[in-house]
Amino acid sequence: MAQGEQTRQLTALPRPPSLHESVQTALRDHILTNGLKAGDGLPAEGALAQQLGVSRNSVREAVKGLVSLGILETRRGSGVFVKDFSLSLLIDNLPFNLLFDSSELADLLEVRRAVENDLVARAVANLSEQTKADLARILAEMKAKADRGEDVLAEDRRFHRTLFADAGNAVALKLLDAFWLTMSHAVAQRAEIADDSPADTYRQHDAIYRAALDGDVDGVHEALSAHYTPILSRLDRTGPL
């Protein structure tokens with residue numbers, strides 16, 4: 001080698017997928033290609049192994065991986081099935097520090113409010129008599145608990161899920177619930193951001209309900225804003241730990 005020349009390093013080769021990763025990809029492709037939906041079953045483990053030309057152990061490991069991702073579920077004695085879409089895994093795997101970062105929690109709440117505001121017009125336009133009755137019942141339970149000075153978290157969650165049920169967007173409903181659960185986890189860790197006035201919370205939800213009954217979309221927007229303002233205020237007041 002001539003003086004002054006430098007040896008060029010070899011470029012690392014991309015790592016080929018492991019066998020069980022390849023099997024996972026094949027199973028996902030099978031679900032998509034065949035249009036399988038939640039509750040639909042996959043072929044038995046032995047049949048999958050034979051069709052893919054791999055060992056049953058490779059299939060078993062691939063299935064375990066897809067179960068952990070929430071794509072499949074196993075039922076003892078029945079087999080492997082496509083699982084219903086859920087955001088629970090997202091909640092379970094949130095960075096722990098998020099629960100203690102008031103700024104990020106406030107950002108998350110702003111996203112939830114934006115999603116709700118986008119659904120308001122459809123939810124109000126399609127509000128069924130059954131939904132109206134369900135909301136009234138939830139509010140009655142919320143008021144009874146608020147009058148006793150008890151927290152109304154469960155009723156808060158049910159109210160929002162019910163209000164937007166008629167908007168016709170199942171994924172948005174699950175996303176909103178995921179945001180709610182995140183905030184609930186944060187409250188469990190940080191008492192200082194908990195609802196300190198259940199009676200006010202009841203009145204805020206009652207205002208949302210009455211505007212929705214009147215078909216007043218702008219009124220629902222305003223009532224939702226009034227509901228979220230004190231929550232954002234508590235987060236701003238506590239600041240980062």
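**Helix packing and a ring**

Modeller: Here it is; keep in mind that this is a predicted model. A search of the whole structure for aromatic pairs finds 0.

Colleague: OK, rings then. Which charged end sits over the ring of F81?

Modeller: That of R75, and the distance from the charged end to the centre of the F81 ring is 4.0 Å.

Colleague: On to helices. At what angle do α1 and α3 pack?

Modeller: About 65°, with the axes 8 Å apart. Helix α1 covers residues 19-33 and helix α3 covers residues 56-68. The two are therefore roughly perpendicular to each other, as angles of 65 to 115 degrees count that way.

Colleague: Is that crossing left-handed or right-handed?

Modeller: Right-handed, for α1 passing α3.

Colleague: Which residues meet there?

Modeller: From α1, the residues are L19, H20, V23, Q24, L27 and R28. They meet S58, V59, E61, A62, V63, G65 and L66 of α3. Sorted by class, this contact of α1 with α3 has 7 nonpolar, 4 polar and 2 charged residues.

Colleague: Next, α6 and α7. How far apart are their axes?

Modeller: 10 Å, at an angle of about 165°. Helix α6 runs over residues 129-147.

Colleague: Parallel or antiparallel, roughly?

Modeller: An angle over 145 degrees counts as roughly antiparallel, so that is what α6 and α7 are. Their crossing is left-handed.

Colleague: And what touches what in α6 and α7?

Modeller: On the α6 side there are T131, D134, L135, I138, L139, E141, M142 and K145. On the α7 side there are E155, D156, R158, F159, T162 and L163. The contact of α6 with α7 divides into 6 nonpolar, 2 polar and 6 charged residues.

Colleague: What about α7 with α9: how close do those axes come?

Modeller: Within 11 Å, crossing at roughly 15°. Here α7 is residues 153-163 and α9 is residues 198-213. That angle makes α7 roughly parallel to α9, since the limit is under 35 degrees.

Colleague: Which way does α7 pass α9, left-handed or right-handed?

Modeller: The crossing is left-handed. The contact is made by D156, F159, H160 and L163 of α7, with T201, H205, I208, Y209 and A212 of α9.

Colleague: How many of those α7 and α9 residues are charged?

Modeller: There is 1 charged residue, along with 5 nonpolar and 3 polar ones.

Conventions
Residues are numbered from 1 along each chain as its sequence is written. This is a predicted model: local features need pLDDT of at least 70, side-chain atom pairs count only at pLDDT 80 or more; totals for chains, interfaces and linings use all residues. Side-chain values use heavy atoms; hydrogens and water are left out. Axes are lines fitted to C-alpha atoms, for helices over the stretch in contact, and angles run from 0 to 180 degrees between N-to-C directions. Helices (H or I, at least four residues) and strands (E, at least two) are DSSP runs, numbered from the N terminus. A crossing is left-handed if the near helix is turned anticlockwise from the far one by less than a right angle, and right-handed if clockwise. Contact means heavy atoms within 4.5 Å. Ala, Val, Leu, Ile, Met, Phe, Trp, Tyr, Cys and Pro count as nonpolar, Asp, Glu, Lys and Arg as charged, and the others, Gly among them, as polar. Rings of Phe, Tyr and Trp (its six-membered ring) pair if their centres lie within 6.5 Å; planes under 30 degrees apart count as stacked, over 60 as edge-to-face and the rest as tilted. A charge sits over a ring if NZ of Lys or CZ of Arg is within 6 Å of the ring centre and within 35 degrees of the ring normal.
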